[in-house]
Amino acid sequence: MRNVFVLPSNTKRREKTFKTAVHCTRNKSQDSGIAEMEELPVPHNIKISNITCDSFKISWDMDSKSKDRITHYFIDLNKKENKNSNKFKHKDVPTKLVAKAVPLPMTVRGHWFLSPRTEYTVAVQTASKQVDGDYVVSEWSEIIEFCTADYSKVHLTQLLEKAEVIAGRMLKLSVFYRNQHKEYFDYVREHHGNAMQPSVKDNSGSHGSPISGKLEGIFFSCNTEFNTGKPPQDSPYGRYRYEIAAEKLFNPNTNLYFGDFYCMYTAYHYVILVIAPVGSPGDEFCKQRLPQLNIKDNKFLTCDEEDGVMVYHHAQDVILEVIYTDPVDLSLGTVAEITGHQLMSLSTANAKKDPSCKTCNISVGR
């Protein structure tokens, strides 16, 4: 593990060391000329590999001249500036990493400064620590860009385990339902031959979720009211509701996957599940990226046969968001206007996850 570098928790001390090194070099450059700074080889042809959501490997080429004098590497890591970001918002503090010279490639790991699905810029200096504790450094390398990865199955399994803790007891359900405006259903009838079409999932939930902006599906709900066993009459998305018998979407010919676990600065939490017909493109997508659940035995949504009849249950203490990956014909269910209220404040469209919640966050980038 000699070539693994993890940023220490005392980052302020490290940044101070970095600044001292630069300051010292400038003073020495003034005294003895720029030639002394150029004695150390400048890194070039930088390569980034083995990228995960909170780590990467970095290597580079450099001239052999004075290579044996190198004692440290300085790495300047920054989030790539977003041109559309609010210019008045507080900017992320640049991360200056100071690492002992180790064999390359070197692994850089740290969830407190690396986030998933995020673009970064990186540049490198070589440095030589002097007897007085100061540094002589090379010029900076060229700046390169890279993007961190999504959560892996390992990370999602950690989220799954946290979600299981608060899922609560199971309640019966009989239908899946989809709330929308009347215009949506009119459009489906007129332009899609009566079949609701999958669309790309928005960016709600965990920033590292591998399904956001990638998986195509149709959003359904399945939670029921405790006292009636039926869907709630209120809706966050529209006054019209499509209801379909549970067995039409969820049965032994479908696979079930865990997609995400998050909250939006509120007391209640959301779990995203994916139902995909076996062998479908959505099923193949999920197999590679998401933990698969046993449809008969899991903490969130189950389907099992009792006395020749399919029986369905859902977790009581989390709000389930179910994504079905194939088209669904409206003729398989019914569309009707709800009798309750339209509560737009409860919408999760592009909702951002609370990064400070200890219940639904794991020790990797949020």
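Q: Strands are DSSP runs of E, at least two residues each, numbered from the N terminus. So which strand is the place of T126?
A: T126 lies in strand 7. Keep in mind that this is a predicted model.

Q: Is T126 buried or exposed?
A: T126 is buried, because its relative accessibility is 0% and the cut-off for buried is under 20%.

Q: What does the side chain of T126 reach?
A: It reaches the backbone oxygen of P41, at 2.7 Å.

Q: And what does T126 touch, beyond residues up to four places away in sequence?
A: L40, P41 and P43 are on the list.

Q: Let's zoom out. How many helices and strands are in the chain?
A: The chain has 5 helices and 23 strands.

Q: What share of the residues is buried?
A: Of the 366 residues in the chain, 46% are buried.

Q: And the accessible surface, what does that come to?
A: About 18,800 Å² for the chain. Carbon and sulfur atoms account for 50% of that.

Q: What share of the contacts with a separation of 6 or more joins residues 24 or more positions apart?
A: That share is 76%.

Q: New topic: aromatics. How many aromatic pairs are there?
A: The count is 10. One of them is W60 with Y73. Their ring centres are 4.7 Å apart and their planes stand at 85°, so this pair is edge-to-face.

Q: Where in the chain are W60 and Y73?
A: W60 is in strand 3, residues 55–61, and Y73 is in strand 4, residues 72–79. The two are 13 residues apart.

Q: Why does W60 count as buried?
A: Because its relative accessible area is 6%, and buried means under 20%. Y73 is buried too, with a relative accessible area of 5%.

Q: How are the rings of Y120 and F146 arranged?
A: That pair is stacked, because the planes are at 25° and under 30 degrees counts as stacked. The ring centres are 5.8 Å apart.

Q: Which strands does the pair of Y120 and F146 link?
A: Y120 is in strand 7, residues 119–129. Y120 and F146 are both buried.

Q: Which residues form an aromatic cluster with Y120?
A: F56 and F146 do; the three form one cluster.

Q: What sits over the ring of F285?
A: The charged end of R289, 3.9 Å from the ring centre.

Q: What is M196 in contact with, leaving aside neighbours within four places in sequence?
A: Its contacts include R178, Y184, F185 and V188. Also among them are I218, F220 and Y242, plus P327, V328 and L330.

Q: How many residues apart along the chain are M196 and D326?
A: They are 130 residues apart along the chain, while their C-alpha atoms are separated by 8.8 Å.

Q: Last one: where is D329 found?
A: D329 is in strand 22, residues 328–329. D329 is partly exposed, with a relative accessible area of 27%.

Q: What is D329 in contact with, leaving aside neighbours within four places in sequence?
A: G193, N194, A195 and Y242. D329 and H192 are 9.4 Å apart, C-alpha to C-alpha, and 137 residues apart in sequence.

Definitions and conventions. Residues numbered from 1 in each chain as written. Predicted model: local features only at pLDDT ≥ 70, side-chain atom pairs only at ≥ 80, totals over all residues. Heavy atoms only, no water. Helix = DSSP H or I, 4+ residues; strand = E, 2+ residues; numbered from the N terminus. Buried < 20%, exposed > 50% of the residue type's maximum accessible area, 1.4 Å probe, protein only. Contact = heavy atoms within 4.5 Å. Areas by Shrake-Rupley, 256 points an atom, 1.4 Å probe, with all protein chains shown as cover. Phe/Tyr/Trp six-rings, centres within 6.5 Å; stacked < 30°, edge-to-face > 60°. Lys NZ or Arg CZ within 6 Å of the ring centre and 35° of its normal. Polar contact = N/O pair within 3.5 Å; in protein donor to acceptor, adjacent residues only side chain to side chain.
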